[in-house]
Amino acid sequence: SLLAQRSPVQAAAEEKAAKRSEVGAVKDLLEVYLGSEQTRVEVWRKEETEGEEAIRRGATETVEHGRDALNPRTFSGKKGRAKQVVRKLGHLRLRDLTSDDVRRYVSARGKEAAGGTIKNEIKVLKSAWRWGREERRGYTDGLDVNWPNVVATPVREKVTPTRAEVRKVLAAMEPGWARDILTCQS
């Protein structure tokens with residue numbers, strides 16, 4: 001019947017709505033996003049294999065990976081960061097995720113992890129969010145989140161003092177058993 005026929009626009013809208021219903025929570029979005037990223041790892045591995053074969057045949061150049069390739073170690077890092085996000089925000093529906101939720105996440109994680117770690121976790125969520133809008137996926141269309149700017153303060157490297165510095169400190173200590181023990185150890 002004429003009523004049962006759908007226009008291409010209606011069909012596209014229905015397909016988009018179906019996709020959106022499959023990906024309703026933050027956890028779902030991250031899983032689908034990581035699945036897409038996994039295919040980029042396969043591209044990397046294929047390029048590596050082709051490059052190794054070319055070198056065996058006498059090529060002198062190493063493989064330069066294309067934009068679509070993703071290093072397996074990078075993927076592994078993204079996966080670990082996504083797991084952390086899922087622990088705290090995974091249950092939230094995409095349409096319910098607010099900037100305040102993300103700020104609370106950053107604040108809570110600040111008690112457990114370094115700023116750089118938190119920054120990378122938010123970066124993975126933000127990448128998945130942006131990916132959800134691209135290429136007509138529609139997962140996050142019309143959903144806006146003001147992403148907090150996470151500042152990663154550099155961690156001061158641990159410095160091992162030189163023998164001369166240790167001797168100087170020991171010489172400045174008052175004589176006693178603590179100094180004697182430290183002197184025997186050095």
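1. V26 touches V85, L89, G90, L92, L94, L97 and L125, leaving out residues up to four places away in sequence. This is a predicted model, and the points below should be read as such.

2. V26 also stands out in the largest nonpolar core. That core has 30 residues. Those with the most contacts inside it are V26, L29 and L94. Helix 2, helix 3, helix 4 and helix 5 each give two or more residues to this core. The largest share, seven residues, comes from helix 5. As general background, nonpolar side chains tend to be buried together in soluble globular proteins.

3. Next, helix 4. Helix 4 spans residues 99-109. Its buried residues are S99, D101, V102, Y105, V106 and R109. Seen down the axis of helix 4, these residues fall within an arc of 165°, so they line one face of the helix. What do the buried residues of helix 4 pack against? They pack against helix 3 (72-89) and helix 5 (115-133).

4. Now the largest pocket. Its volume is about 210 Å³. There are 12 residues in the lining, and the closest to the pocket centre are Y33, E37, R40, W131 and E134. Helix 2 (26-56) and helix 5 each supply at least two residues of the lining. Helix 2 gives the largest share, four residues.

5. How does the lining of the largest pocket divide into nonpolar, polar and charged residues? Eight are charged, two are polar and two are nonpolar.

6. Last, V43. This residue lies in helix 2.

7. Leaving aside neighbours within four places in sequence, V43 is in contact with D68 and A69. V43 and L70 are 27 residues apart in sequence. In space, their C-alpha atoms are 7.4 Å apart.

Conventions: Residues numbered from 1 in each chain as written. Predicted model: local features only at pLDDT ≥ 70, side-chain atom pairs only at ≥ 80, totals over all residues. Heavy atoms only, no water. Buried < 20%, exposed > 50% of the residue type's maximum accessible area, 1.4 Å probe, protein only. Arc of directions from axis to C-beta. Contact = heavy atoms within 4.5 Å. 1 Å grid on protein atoms, 1.4 Å probe; cavity = no way out; pocket = protein on both sides within 12 Å on 5 of 7 lines; lining within 4 Å. Points joined across faces, edges and corners; volume = space filled by probe spheres on them. Nonpolar A, V, L, I, M, F, W, Y, C, P; charged D, E, K, R; others polar. Core = buried A, V, L, I, M, F, W, Y, C linked by side-chain atoms within 4.5 Å.
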